[in-house]
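Good morning, colleagues. Please look at the sequence and the structure now on display, and I shall then take you through some of their features.

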Amino acid sequence: MKESNASKVLCWVKAEPLGPLDHYTDLVNDPSAGAITTFVGVTRNSFQGKGVLYLEYEAYEPMAMKKLQGVGEAMAAKWDIVKVALAHRVGRVGVSEPSVIIAVSSAHRRDALEV
């Protein structure tokens, strides 16, 4: 029996710091996975030539969770992934702090990298 795409997806919307990257790689690690890739989106110190001290994110959490789940399920439908973890920060996010973390595991590196 094939696992549903929904069961491959883990997602969070968090007001507190997203935490260490290895937390997310541990969550997607699986004996059937030969590759784990990650993406970390951080706040940069400038935008269109102006200085940035922080970004402020707001979200209606139920809707944001539904959207993240849908993104993860779309990824699982398109690529042969084992698991995907998606985390998005809300609230004030300072320069160099992660606002988005995505971790993907797959049997082979190509699927994990193409995501």
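This is a predicted model: local features need pLDDT of at least 70, side-chain atom pairs count only at pLDDT 80 or more; totals for chains, interfaces and linings use all residues.

As background, most residues other than glycine have a negative phi. Is Gln-48 buried or exposed? Gln-48 is exposed, because its relative accessible area is 68% and the cut-off for exposed is over 50%.

A second residue with a positive phi is Ser-96, which is not a glycine, and here the value is about 75°. Ser-96 sits in the loop between strand E7, residues 91-94, and E8. Ser-96 is likewise exposed, with a relative accessible area of 56%.

How many residues does the largest nonpolar core have? That core has 15 residues, and those with the most contacts inside it are Val-13, Leu-68, Met-75, Ile-81, Val-84, Leu-86 and Val-104. At least two residues of this core are supplied by each of E1, helix H2, which spans residues 61-78, and E6. The largest share, 4 residues, comes from H2. Apart from this core lies another one, of 7 residues, among them Tyr-24, Val-28, Ile-101 and Ala-103.

Leaving aside residues up to four places away in sequence, Leu-68 touches Cys-11, Trp-12, Val-13, Leu-86 and His-88.

The next topic is helix H1, residues 21-28. Which residues of this helix are buried? Tyr-24, Thr-25 and Val-28 are buried in H1. These three lie on the same side of H1, because they cover an arc of only 100° around the axis. The cover over the buried residues of H1 includes strand E1 at 9-14, strand E2, strand E6 at 81-89 and strand E8 at 98-106.

Strand E6 also holds Ala-85. With a relative accessibility of 0%, Ala-85 counts as buried. Which residues does Ala-85 touch, not counting residues up to four places away in sequence? They are Leu-10, Trp-12, Tyr-24, Val-28, Ile-101, Ile-102 and Ala-103.

Val-40 belongs to strand E2, residues 35-42. Val-40 is partly exposed, with a relative accessible area of 34%.

I close with the charged side chains. In general, side chains of opposite charge can pair when their charged atoms come close. How many salt bridges does the count come to? The count comes to 4 salt bridges, and I shall describe some of them.

In one of them, Lys-83 pairs with Asp-30, and the closest N and O atoms are 3.9 Å apart. This pair links distant parts of the chain, since Lys-83 is in strand E6 and Asp-30 is in the loop between H1 and E2, 53 residues apart. Lys-83 is partly exposed at 25% relative accessibility, and Asp-30 is partly exposed with a relative accessible area of 22%.

Another salt bridge joins Glu-97 to Arg-89, with the closest N and O atoms 3.1 Å apart. Are these two residues buried or exposed? Glu-97 counts as partly exposed at 30% relative accessibility. Arg-89, at 6%, counts as buried because the cut-off for buried is under 20%.

A further salt bridge is formed by the side chains of Arg-110 and Glu-114, at 2.9 Å from N to O. Both residues lie in helix H3, residues 109-114, and they are 4 residues apart, about one turn of the helix. Arg-110 is exposed, with a relative accessible area of 60%, whereas Glu-114 is partly exposed at 41% relative accessibility.

Thank you for your attention.

Definitions and conventions. Residues are numbered from 1 along each chain as its sequence is written. Side-chain values use heavy atoms; hydrogens and water are left out. Buried means under 20% relative accessible area, exposed over 50%, partly exposed in between (1.4 Å probe, protein chains only). The arc is that of the directions from the helix axis to the C-beta atoms. Contact means heavy atoms within 4.5 Å. A nonpolar core is a set of buried Ala, Val, Leu, Ile, Met, Phe, Trp, Tyr and Cys residues joined through side-chain atoms within 4.5 Å.
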